[in-house]
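I opened the notebook to record what I looked up in this structure, one entry at a time.

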Amino acid sequence: LCEEGEWSNAKTLYARCIGIFKNMPKPQKDSLTKEMNEKRDEILNILNLNVAQCLLKKNMHNDAIKHCKEALTYVKHNPKAYYRMSIAY
């Protein structure tokens with residue numbers, strides 16, 4: 001979708017994936033190993049950065065900043081998140 005410039009549709013799909021990872025049932029979340037939790041955080045980081053990119057393309061800078069900040073909650077030192085946030089400002 002991104003290659004075709006379908007930014008709204010891509011953002012919708014990424015946001016749906018974020019919802020699935022963030023809102024997993026408590027028993028399932030509690031059963032994750034440390035490695036699985038780290039992988040989950042990496043995926044949430046990537047998904048938020050992808051949403052931010054879509055929002056930047058749609059000139060929705062404030063929302064892009066929010067997603068960059070959320071990405072930083074999962075991976076603290078992420079140059080891509082800081083870069084995309086600086087573009088949004």
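Predicted model: local features only at pLDDT ≥ 70, side-chain atom pairs only at ≥ 80, totals over all residues.

Entry 1. Leaving aside neighbours within four places in sequence, I found Asn48 in contact with Ile18, His67, Glu70, Ala71 and Tyr74. Asn48 sits in helix H3. Is Asn48 buried or exposed? The relative accessible area of Asn48 is 0%, and the cut-off for buried is under 20%, so Asn48 is buried.

Entry 2. I then looked up Asn45, which also has its place in helix H3, residues 34-57. I noted 6% relative accessibility for Asn45, so this residue counts as buried. Which residues does Asn45 touch, not counting those up to four places away in sequence? They are Ala71, Tyr74, Val75 and Asn78. Ala71 and Tyr74 are also among the contacts of Asn48.

Entry 3. Next I checked how helix H1, residues 7-22, packs with H3. The angle is about 155°, and the axes are 9 Å apart. Angles over 145 degrees count as roughly antiparallel, which means that H1 is roughly antiparallel to H3. I also noted that H1 passes H3 in a left-handed crossing. On the H1 side, the residues making the contact include Trp7, Tyr14, Ile18 and Phe21. On the H3 side, they include Ile43, Leu47, Asn48 and Val51. Sorted by class, the contact of H1 with H3 has 13 nonpolar, two polar and four charged residues.

Entry 4. I turned to the largest nonpolar core, which has 16 residues. Which residues have the most contacts inside this core? They are Ile18, Ala64, Met85 and Ala88. The elements that give two or more residues to this core are H3, helix H4 (61-74) and helix H5 (79-88). H3 gives the most, with seven residues. I wrote one general remark beside this: in soluble globular proteins, nonpolar side chains tend to be buried together.

Entry 5. I followed up Ala88 from that core. Not counting residues up to four places away in sequence, Ala88 touches Leu56, His61, Ala64 and Ile65. Ala64 is another of the core residues with the most contacts.

Entry 6. Last, I looked at Thr33, in the loop between helix H2 (26-30) and H3. Its relative accessible area is 36%.

How values were computed
Residues numbered from 1 in each chain as written. Heavy atoms only, no water. Helix = DSSP H or I, 4+ residues; strand = E, 2+ residues; numbered from the N terminus. Buried < 20%, exposed > 50% of the residue type's maximum accessible area, 1.4 Å probe, protein only. Contact = heavy atoms within 4.5 Å. Axes fitted to C-alpha atoms, helices over the stretch in contact; angles between N-to-C directions. Parallel < 35°, antiparallel > 145°, perpendicular 65-115°, else oblique. Left-handed = near helix turned anticlockwise from the far one by under 90°. Nonpolar A, V, L, I, M, F, W, Y, C, P; charged D, E, K, R; others polar. Core = buried A, V, L, I, M, F, W, Y, C linked by side-chain atoms within 4.5 Å.
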